[in-house]
Amino acid sequence: MSRHTLQRRLSDEGTTFQKQLNHARELLAKHYLSAAALDTGEIAYLLGYLELSSFLRASASWRGRSLPEWRKGHAE
């Protein structure tokens, strides 16, 4: 499928490639954080983030709080 065809089909569905990528990353991040004993840097790498800070910002936007705060509350 060409790039333009993909863009058109996603647009017809009311979404974009970036939105779908972010959603997939969010779902995988939740899985990795809940089910695996991976450190934050490893999770960021697995999700395709080039820098840890980018992953930390994204995860904060998904949860409404920082990753360390989320992990602390989730562990209790």
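The protein chain of this predicted model contains five helices and zero strands, helices (H or I, at least four residues) and strands (E, at least two) being DSSP runs numbered from the N terminus. Along the sequence the pattern reads α-α-α-α-α. Residues are numbered from 1 along each chain as its sequence is written. Local features need pLDDT of at least 70 and side-chain atom pairs count only at pLDDT 80 or more, whereas totals for chains, interfaces and linings use all residues.

Along the principal axes, the C-alpha atoms fill a box of roughly 45 × 20 × 20 Å. Of the 76 residues, 26% count as buried (under 20% relative accessible area, 1.4 Å probe, protein chains only).

Helix H2 (residues 17-35) and helix H4 (residues 52-63) have axes that come within 11 Å and cross at roughly 90°. Axes are lines fitted to C-alpha atoms over the stretch in contact, with angles from 0 to 180 degrees between N-to-C directions. H2 is therefore roughly perpendicular to H4 (65 to 115 degrees). The contact (heavy atoms within 4.5 Å) involves Asn22, Arg25, Glu26, Ala29, Lys30 and Leu33 of H2 and Phe55, Trp62 and Arg63 of H4. These residues divide into four nonpolar, one polar and four charged, where Asp, Glu, Lys and Arg count as charged, Ala, Val, Leu, Ile, Met, Phe, Trp, Tyr, Cys and Pro as nonpolar, and the others, Gly among them, as polar.

Technical notes:
Heavy atoms only, no water. Parallel < 35°, antiparallel > 145°, perpendicular 65-115°, else oblique. Buried < 20%, exposed > 50% of the residue type's maximum accessible area, 1.4 Å probe, protein only.
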